[in-house]
Amino acid sequence: MSQIVRMFLLVFVVAFGLMYATAYLNKSEGYSGDNTLTVYNWGDYIDPELLEQFEEETGIKVIYQTFDSNEAMMTKIKQGGTTFDVAVPSEYAISKMKEDDLLLEIDHSKLSNLEHIDERFMHLSFDPENAYSVPYFWGTVGIVFHPDLVGDLTFESWDDLWDPSLKNNVFLLDGAREVMGMGLNSLGYSLNDTSEDHLQEALAKLSELTPNVKAIVGDEIKMLIANEEAAAGLVWSGDASEIMYENEELDYVVPKEGSNLWFDNMVIPKTARNLEGAHQFINFMLDPEVAAQNAEYVGYSTPNKEALALLPEDISGDERFYPDEELTERLEVYDNLGPRMLSHYNELFLEFKMHRK
Amino acid sequence: MSNGKWKLSNLYLIAVFVILYAPIFYLMFYSFNSGGSMRDFEGFTWEFYGEVFQDTRLLIIVLNTFVIALLSAAISTIIGVLGAIAIHYMRTNRPKSTLLTLNNVLIVSPDVIIGASFLILFTIAGIQLGFVSVLLSHIAFSIPIVVIMVLPKLQEMSGSLIDAARDLGASSWQVLTKVIMPYIKPGIFAGFFMALTYSLDDFAVTFFVTGNGFSTLSVEIYSRARQGVSLSINALSTLIFLFTVLLVIGYYFINRRNNRPVAKEGRA
Amino acid sequence: MDVRARNLYLVPYVLWIVLFVAAPILLIVYYSFFNVEGQFTLDNYAKFFTPVYLKMTLSSFWYAFLITLFSLLVAYPTAYLLTKTKHKGLWLLLIILPSWINLLLKAYAFIGLFGTYGFVNAVLELTGIGTKQILFTDFSFVFVSVYIFIPFMILPIFNALEKMNPTLIDAARDLGASPWMTFRRVVFPLTIDGVKAGCMAVFIPALSLFMITRLIAGNRVITLGTAIEQHFLVTQDWGMGATIAVFLIIAMALIMLLTGNRKRGLIDIVKR
């Protein structure tokens, strides 16, 4: 018995000692003070140096928390048990959050840098007045491929992915909207199509793709493609730029039938406590120099036109990531299809996954 | 037993251990890669170890993880042991089997369900997400495993042992501390270690119920892994791994020395 | 044990059961009756009986069976040999130790080891077998799953073997039984409860594996657990996720009923 008691005492002593150490570290880092700002963003989606710069300029301590899907983020914000001052959801999540009354209005008078944002990216359908959101990054969905491994295929058209020579050589990202959207686009339909016939047609077409699909994966798709585990993959443009940074042989293209145009945006969720700080932070991120540095670090496309001008020519002139207006016109933003349709998309995607084997 | 047989069986054990540790050594190996990724070893560097010690947030998270693991394992062991004793000495069968079934539900439920339902629960209860909610959840999912580890020991113990103690005039408390506890000690330790394992390993439940800047290592790794695992995580895992190996070996030998006269379960 | 003391011990445990077991189960059942739009419906149950989900259920059971089988095949000899080693307690701890390293990291390590240009393929290349696709196959999925679950199989078998009276083996030997006979007639039957406990500890979680179905199997294998995770975290169709969970809980209860000693409570198998 005494041995048991001794061990448990030891455990508690050690645990409280560690707790004290944590509290001490927290304090020395300023995390437990009043003047903090909690930023809820995708993992590694900001240049950490900028957070330090912001802290120095404003004296506000930033707590940076990450999520891995819009849904996980919304669940947390809806739950309400946590303070988040700024969050960065994608556009379809914003319309959903607006419906659920999870967002606070942004005071434009506090955002002196808002004027730097390219007009193309303002007043979009998901938030026409930009009352709740300010663009952070944007991008496309397309195909990243290894030119030496795919023969003559150029992927100018989605149909190239169906080429028999790519047997067991294609990665898809694990997203219902992206994969179903590809199926619909390749047939010439809109990726927001809700007609049952078209959806079934897309599913039938996708199941023909199954012999080529090596795997349907998540974020590890970047590592896998950079390691040349497969010749081609369906990815977001930001991932593509990272993959190409890792492996310079690869190339990225947005097929001509059209694809998705997406936006990640800064918002102030209703859980915010430090409203002043949140506005300061958003304004800070809109500063051209800051936005340029961030874009260079993250590798996604910045909507900030002044920042774009500051970026080196090899980035800003890259048509694959800063496509001209002609291409962007063929791209579509995901509409909020409503929960019922969305879950139908998911069911079809699940069916597609079950087809394989 | 013949010599050849021993060699073969040793070989088998070695193979099992090699496979069990292969991915861990793989992670450790690349933590020294100056190339910065888990392929093409380019050169040796301590860089990522330096990064670990400079990253205060990461250190705080590591400490948090251990605090949660130790506290939840200890508390769940206490509750679980008491629960197991109470269940064991129940006289009627029906409530006993009901309790046992409920006990097992958590072990076999997928983490995601546990996490989601706990999240709803904390919302209803109005508990702020953070240290407390994570600790409560870890205690909650560790209790059943402790019960399962302790019950067999109780079952094994013959009733006459307690009767004898009673006849000799021992009080309830004395029976508990002098007879039952020492006997089920291996079960208690096994339960504690399994609880620790569950807590350190858990990702899904913590992911749901954490918030307000509080994070544990597995959640942090998961969110950092979005950009491909940074090698500082490898370095950190290496450090933690070596630390636990030392701890386990140290614990084992100290324990052995203390216990030499009464070797495990009275068998030499 | 007098009743008052017993009831006192019971208080925290029962409190825990009510709060963290009974309440969540009720919540899950409650949620399973609602669709994405929050209306009361039985559709989720109807949906579960469509080919997609039935096929998924079948394949989950099949893979869980394979994983359990291979875990047992590897774990039994390991546990047996461990009981024969000198520092068996230490070795057992060292078997458990790898499970303290984050699963996601180990999965990434396996991706590196099994990849087209990974270590295993380099070895295969050297030995003249040539590069094979290992990652994203049934093999890699079962292998990694077995890897994850093996400590949970070894532990109960090891305990059962330890508890066995060694004189029984000597007796069998003295009576002229061959090693194989001794094993089949004496050792195995005496440890069957440990085997059962181990199988349960592997089979049921294997039904609900997720994450490595994507990382290692590239979504070639979709288990019920993957679907639950998707419904809760990605598609936000909590009703459907809860419905699958209800079926999983029912399956679990059935398995425990079938393997357990009915009269004495469902988990007696684990206790013995």
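Two strands are said to pair if DSSP finds at least two bridges between them. This is a predicted model, in which local features need pLDDT of at least 70, side-chain atom pairs count only at pLDDT 80 or more, and totals for chains, interfaces and linings use all residues. Residues are numbered from 1 along each chain as its sequence is written, while chains are lettered from A and ligands numbered from 1 in the order in which they are written.

**View 1. Parallel strands β1 and β2 of chain A.** Strand β1 (residues 36-42) and strand β2 (residues 61-67) of chain A pair in the parallel sense over 7 bridges. Helices (H or I, at least four residues) and strands (E, at least two) are DSSP runs, numbered from the N terminus. Within this pairing, A:Tyr40 stands opposite A:Gln65 of β2(A). Together with helix α2 (residues 48-58) of chain A, β1(A) and β2(A) make a right-handed β-α-β unit. A crossover is right-handed if, with the strands pointing away from the viewer, the path from the first strand over the helix to the second runs clockwise.

**View 2. The annotated position A:Tyr92.** An unreviewed UniProt entry places the feature "binding site" at A:Tyr92; such annotations may be inferred rather than shown by experiment, and UniProt positions are given in the numbering used here, with feature names shortened. A:Tyr92 is found in helix α4 (residues 91-99) of chain A. A:Tyr92 counts as partly exposed because it has 19 C-beta neighbours inside 10 Å. A residue is buried if 20 or more other C-beta atoms lie within 10 Å of its own, exposed if 12 or fewer, and partly exposed in between, with C-beta atoms placed from the backbone. Not counting residues up to four places away in sequence, A:Tyr92 touches A:Tyr334 and A:Asn336. Two residues are in contact if their C-beta atoms, placed from the backbone, lie within 7 Å.

**View 3. The helices of chain B.** Chain B has 11 helices and 0 strands, and 46% of its 268 residues count as buried. The C-alpha atoms of chain B fill a box of roughly 70 × 65 × 30 Å, taken along the principal axes. The unreviewed UniProt entry places the feature "transmembrane region" at several spans of chain B, including residues 12-32 and 131-151. In residues 12-32 of chain B, the end C-alpha atoms lie 30 Å apart and the span is 90% helix. Residues 131-151 of chain B also have end C-alpha atoms 30 Å apart, and this span is 100% helix.

**View 4. Surroundings of B:Val209.** B:Val209 lies in helix α9 (residues 204-209) of chain B. With 29 C-beta neighbours inside 10 Å, B:Val209 counts as buried. Leaving aside neighbours within four places in sequence, its contacts include B:Gly115, B:Phe118, B:Leu129 and B:Ser137. The C-alpha atoms of B:Val209 and B:Phe131, 78 residues apart along the chain, are separated by 9.3 Å.

**View 5. Helix α10 of chain B.** Helix α10 (residues 217-224) of chain B is mostly covered, with 6 of its 8 residues buried. Among the buried residues of α10(B) are B:Leu217, B:Glu220 and B:Tyr222.

**View 6. The contact between chains C and A.** Chain C contributes 21 residues to this contact and chain A contributes 22 residues. On the side of chain C that touches chain A, α3 (51-83), α10 (212-215) and α11 (224-234) of chain C each supply at least two residues. The most comes from α3(C), with 3 residues.
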